[in-house]
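Subject: A structure for you to look at

Hello,

I am passing on the structure we talked about, and below it you will find my notes on what turned up. Please open it alongside this message and read the two together.

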Amino acid sequence: MKPAHALVTIGWGLLAACGPTTRAPDDDSHPSHAVVEVGEERPGGGATVQDTSAQAFSRPAPSLPLSRLSAFGTGEALFEADWFAAPDSREDRDGLGPLFNSVSCEACHFQNGRGAPPQGADQPTVSLLLRLSVPGEGEHGGPRPEPTYGEQLQTRAISGVPVEGRATLTWEERSGTFADGEPWTLRAPIYVLSRLAHGPLSPDVRLSPRVAQPLVGPGLLAAVPEERLLEWADPEDADGDGISGRPNRVWSVRRGRWELGRFGWKANQPDLEQQNAAAMKGDLGITSPLFPTESCTAAQATCLSASSGGAPELDEGKLAALTAYTAALAVPARRGHDQPQVLQGKDVFHRVGCARCHRPSLETGEVEGRPELSHQRLWPYSDLLLHDLGEALADGYDDFLATGNEWRTPPLWGLGLTRTVSGHTRLLHDGRARTVLEAILWHGGEAQAARDAVLRLSRTERDALLAFLDSL
């Protein structure tokens, strides 16, 4: 069959230079936030570590009981281990594929850090995957998979199984200036899909690029009571402030019911266990008790007949260890939280309206048998809700209740250690932003007023804002 090709441009939307549709909260009538607040230097509470090295995201919570360190170590080994095609002499780690994007968890989440898009057109998409869907609802109201290629494009395969396709990336630039005349440049990604092994994609396919998210304190976020997050939800914008945070409701495979979504770029997973199991299946082709079947579609005969590493390949014990590992990961301490420029930037962060979605602080509830997670005051700078960020960042990919314009507010803790841990500073769901400032300028929708307020800041105020964000 002649290879099929597809060209997908992730749209610019409306990137207005100035002129918000609603009044930006940048006047002088607000109370100053340029003060040190009790406990903010320890954003993970008792699960905070004093570490600014490349391993800052890989430490266990200091409050983790000794009885749980063994499970943490077992899960860490699974997270870092390479998997192999079955049958293999390493029976505890065979079953890779038949289709996959990576051979280990750490290959995408290097040092538990943030993924990035390929830097050149000829480089593989290692820590970036491409979700696929078509209009309509899939099982339990989730995305409807593309009928031939499934839920995501698999760019690697075991011997004898054809790779689904190849994705290459180019960029389109757009520029503008701040109010003081300083220029800025953004880059929009353009994905070209080629060498499609089973013919063309559905003509109404929706493509959503996703880079791996950093693993900073995920167990703590899982411990935040649902009612606390729902207090912040305002889907109809009843208070008229332009912010309409919404919860996602997703299907829990383990419990067979709808639950609050907490994890993933669109809050499409209810807990860490399901997040881990879904990634093992989707990215490595490793089955588990939650997802016992391979990712092959009916159009992929050789994939369906490929050898397996067992049923399931990741058993209950290994899945539990992997979940124990991610649940116990610590949060690095703030750096320079009390410095004058950082405090000035904190005030700017609040004044322009960033804190309306990136809410600074919350508290975990009681987690039975887990004192290290219980009743901790956290400073993640997130409400874990869905927000419409406008057409410029839209992917058209509906995920349970999340629309194509909506994204979960990503926590900002650990942001300033991105380069140290991951070796780059790429941000947003597809890694298009090269810097924190670029990430801000991509915001639209509910964040348009805050973005436009940043465009009006002086150079001194912008530098202060970036110093504050770098301290997180």
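Strand β4 gives the largest share of the lining of the largest cavity, 3 residues. Strands here are DSSP runs of E with at least two residues, helices are runs of H or I with at least four, and both are numbered from the N terminus. Please keep in mind that this is a predicted model, in which local features need pLDDT of at least 70 and side-chain atom pairs count only at pLDDT 80 or more, while totals for chains, interfaces and linings use all residues. Residues are numbered from 1 along each chain as its sequence is written, and side-chain values use heavy atoms, with hydrogens and water left out.

The cavity

A cavity is a set of points on a 1 Å grid over the protein atoms alone where a 1.4 Å probe fits but cannot get out, and its lining residues have an atom within 4 Å of a point. Points are joined across faces, edges and corners, and the volume is the space filled by probe spheres set on them. The count is 1 cavity of 30 Å³ or more, and the volume of the largest is about 30 Å³. Its lining is made up of Ser133, Val134, Gly136, Pro143, Arg144, Arg206 and Asp398. Two or more of the lining residues come from each of β4 (128-137) and β5 (143-144). Sorted by class, the lining has 2 nonpolar, 2 polar and 3 charged residues; Ala, Val, Leu, Ile, Met, Phe, Trp, Tyr, Cys and Pro count as nonpolar, Asp, Glu, Lys and Arg as charged, and the others, Gly among them, as polar.

The strands around β4

Which strands pair with β4 in the antiparallel sense? One of them is β10 (residues 206-211), over 6 bridges, where two strands count as paired if DSSP finds at least two bridges between them. In that pairing Leu132 stands opposite Leu207. Strand β6 (residues 152-153) also pairs antiparallel with β4, over 2 bridges, and Arg131 has Gln152 as its bridge partner there. β4 and β5 form a hairpin with 5 residues between them, and His140 in the turn has a positive phi of about 60 degrees.

Aromatic pairs

There are 7 aromatic pairs in the structure; rings of Phe, Tyr and Trp (its six-membered ring) pair if their centres lie within 6.5 Å, and planes under 30 degrees apart count as stacked, over 60 as edge-to-face and the rest as tilted. Phe72 and Tyr325 are a tilted pair, because their ring centres are 4.8 Å apart and their planes are at 55 degrees. Phe72 belongs to helix α1 (residues 66-80) and Tyr325 to helix α7 (residues 316-327), so this pair ties together parts 253 residues apart in sequence. Phe72 is buried at 5% relative accessible area, and Tyr325 is buried at 1% (buried means under 20%, exposed over 50%, partly exposed in between, with a 1.4 Å probe and protein chains only). Phe72, Phe79 and Tyr325 form one aromatic cluster.

The UniProt record

An unreviewed UniProt entry places the feature "domain: Cytochrome c" at residues 340-472; such annotations may be inferred rather than shown by experiment, feature names are shortened, and positions are in the numbering used here. This span is 34% helix and 8% strand, and its end C-alpha atoms lie 15 Å apart.

Best wishes

Definitions and conventions
On a 1 Å grid over the protein atoms alone, a cavity is a set of points where a 1.4 Å probe fits but cannot get out, and a pocket is an open set with protein on both sides within 12 Å along at least five of seven lines; lining residues have an atom within 4 Å of a point.
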